[in-house]
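Welcome to this short tour! Please open your viewer and get ready to select a few parts one after another.

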Amino acid sequence: MNAITLSGKWAMKQTEETEWIEAVVPGSVFHDLLSAGKMKDPYFRDNEWDVLEQTKYDYEYRRSFVVDGNMLLRDRVLLRCEGLDTLCEVYINDKAVLQTNNMHRTYEADVKQLLSEGRNDIHVIIRSATNYVLAMDEKLHLTSCADAVPGISHLRKAHSMFGWDWGPKLPDMGIWRDISICGFDYGRIEDIYITQKHEDDKVKVEIAACLEIWTPDSDLLLEAVIETPDGRTLKSSIRDVGESNNLVFDIDNPELWWPNNLGKQPLYKLQIQLLSGERMADERSMNIGLRTLHVVRQPDEWGESFAFEVNGHAIFAMGANFIPEDNIFGRRSAERMEALIQSCVEANYNCIRVWGGGYYADDYFYDLCDRHGLIVWQDHLYACGAYDFNDEFKENIRLETIDNMKRIRHHASLGLWSGNNELEYAWAYWGWTERYGEKQRDDYLKQFEAFLPELSQSLDPSTSYLVSSPSSKGGIDDPNNEHIGDMHYWDVWHGRKPITEYRTLHPRFMSEFGLQSFPSLKTVETFTLPEDRNIFSRVMEAHQKNGTGNEKIMFYISEYFKYPRSFETLLYVSQLIQAEGMRVGVEHWRRNRGRCMGAVYWQLNDIWPGASWSSLDYFGRWKATHHAAKRFFAPVLASALEEGTSVALHVTNETLHGVRGQLRWKLLNRNAEVLQLGEVEVSLGALSTEEIVSLDFSDILTNRRLLSQSYLEFEFDGGEGTTSSGTVLFVKAKHFDFLDPEINVQVSEDPDSFSVMLESSSFAKFVWLELETADARWSDNVFDLSAGCSKRVVVPKNSLSEPLSLQTFREQLTVTSLYDTFE
């Protein structure tokens, strides 16, 4: 196989204009217009609405490329387009070769007869997706997200590009993945499917290779080579190949792949070549991990289980929902994704859900999840809408599904395919049958309970499948039943129920729940002017896509905290209530391990800068929730369940080995004077949870003053220092009588890091460290600090967004606690 990449420099313009500007492929229209100064920053202030109008124009791209004579002698010469977004017309030397309508598909066209030796030209016209969906919605209304441009269910384009309740209406377009000319002789590898059979100390790896053969008498050889993590090389080959072929490897003493914090992630490098003599006709390379991974669903005392089982062990899944990382698709990159996944790993995730309103992620996303041990829950790309399941649509999504399942299914990290996001939920609970009719409901059942499950089973029978999320038994039958299947819960937030309501729920797997917060001031400053910095200003509301979201944030702040004294502290306190909500929910579900086996919160990241449910903002900055996740997703967790003056302390162990240690607790007043203390020996088995001690302080906390000036501090020490710790207030934080903690800060420098030592004179809650302009990765942040205790926080120098001297670091450092947020 020989390839000519068409990635790189192109020219582009709006079709009605005459001036061509420089463009980059892969990329996008927005990215190219911004680079050329032809478009306002769509994220600044409320420019979104002006930029949306620019999506109602058509755009075109062009470039030339050189083809040599050898390429023209190949048996097949194909144009391969791995990502065209979306309504595209492709021409080679002024001859039409492709007309596309699905950004999720890979398109190929035989162009051998259209090419000539020397210079050739390619021209791509991209029609307005905005105009298309609006016109289609006039012909046939298909309901979709209320915060999006109407009609999006008619087009196979990432739905969230048109707007969502956390993102703007900015449907970018373009050539968003690689494009190339590929030449082949004899035949090519059309498909590879890998299965594993695990026995004691041995794994049989079977490789089903489907070939296209154009020259029957070409004496083809199919050869596969596996390089093991310990340096061994294994080979298998077939001389007399046909269209379907099977290669088998027996791997002794396999190194198993495990999710993050449960073991290592060894990967085996597989290379498959199709040879004719010494000439290579085609090749495929990929990494595989040896493991068993599926979702266990079986009857039990609470209903039916729902748990990822890895290498024979049922694990508690911990993570968040991933959405597209930018509305401007040309800004996406492997480097940016690696930083995002690294943040997940550092926060002790072992799972990530790819939500169905976005796109099938790039190969590097799944590669990163393989390397770092994140189980991928992969939705098919349908969300919160109805679809017209006609023959053309059916064929389009059939090819889309084949393209992406074949591309993704070999990854060690892939744990589950899910048919859609919240469609069964909508048909069950939102009155859609009455509003939109039985025909659309029946189309849902045909598409999502027959067609897609059957197609997915034919393509990847080794991976578990869920018809919808959430879903219990399917059939539009109570899909959010907490006793069966997975659950989405939104009465905390949309229903304004208190965060403690999470403790009343016992889902088998909680796959969506969340609270909103604002990003940090540094992020807000990127899209506002000083006069915009009021949460009810036009601009701040333009960056809040959830209707009354800012009001809800204030409601939850008012429930738990005093009124913030400034705009900046309001942003900070909004993050605290979000972090507390996620902590309360996750700790509760982890205490009920066995009954509940997963907590995947909404949402991981942002598509643009603004208020949302994310724990990482648009720039990848950690909000308070992400710092909290590092603690509440810790493999060994100490947590507290308080009610009145009673507290039950639990330890949860999400590791493959038992843990032993001491659980220590102190009842303190706000000056850290000990009122009572205790210590309990803990011995806990692998993958288990247990209530260790139940405490009752009713004989000590006898009046309101004592309740509002006392707190419980607890920690689990596994033998090498504190493994997990926390504090409990006996009143809401707004009713606690905090004193000025007078936090003392000392900063020192080591060759590779800065160290921040903190001490306080009284109890300090939610101590937040920040640099004024630089970004940093803190070893811990947004933590509690008792008087008389020292806390050391480390900042690696390579995590800084800009080089800092010791003096500059000290000058930029700010330290804030909850006491500093109110008058």
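In what order do the three strands of the open sheet with β20, β23 and β24 stand? The order is β20-β23-β24, and the pairing is antiparallel. Keep in mind as you look that this is a predicted model.

**Stop 1: the three-stranded sheet.** Select β20 (293–296) and β24 (313–315), which stand at the edges. Each has a single partner strand, so one side of each is left without a neighbour in the sheet. Neighbouring strands here are turned by 40° against each other on average, direction ignored. Click on Val 296 and you will find Ala 307 of β23 opposite.

**Stop 2: the six-stranded sheet.** Next comes an open sheet with the order β3-β2-β4-β10-β7-β8, again with antiparallel pairing. Its edge strands, β3 (21–25) and β8 (95–101), each pair on one side only. From one strand to the next, the twist averages 30°. Then select β4 (residues 59–67) and β10 (residues 118–126): nine bridges join them in the antiparallel sense. Arg 62 stands opposite His 123 in β10.

**Stop 3: two helices.** Finish with α13 (residues 549–560) and α14 (residues 567–591), whose axes lie 9 Å apart at an angle of about 75°. The two helices are therefore roughly perpendicular to each other. Show the side chains of the contact: α13 brings Ile 553, Met 554, Tyr 556, Ile 557 and Tyr 560, while α14 brings Leu 570, Val 573, Ser 574 and Ile 577. By class, eight of these contact residues are nonpolar, one is polar and none is charged.

Key: Residues are numbered from 1 along each chain as its sequence is written. This is a predicted model: local features need pLDDT of at least 70, side-chain atom pairs count only at pLDDT 80 or more; totals for chains, interfaces and linings use all residues. Side-chain values use heavy atoms; hydrogens and water are left out. Axes are lines fitted to C-alpha atoms, for helices over the stretch in contact, and angles run from 0 to 180 degrees between N-to-C directions. Helices (H or I, at least four residues) and strands (E, at least two) are DSSP runs, numbered from the N terminus. Angles under 35 degrees count as roughly parallel, over 145 as roughly antiparallel, 65 to 115 as roughly perpendicular and the rest as oblique. Contact means heavy atoms within 4.5 Å. Ala, Val, Leu, Ile, Met, Phe, Trp, Tyr, Cys and Pro count as nonpolar, Asp, Glu, Lys and Arg as charged, and the others, Gly among them, as polar. Two strands pair if DSSP finds at least two bridges between them.
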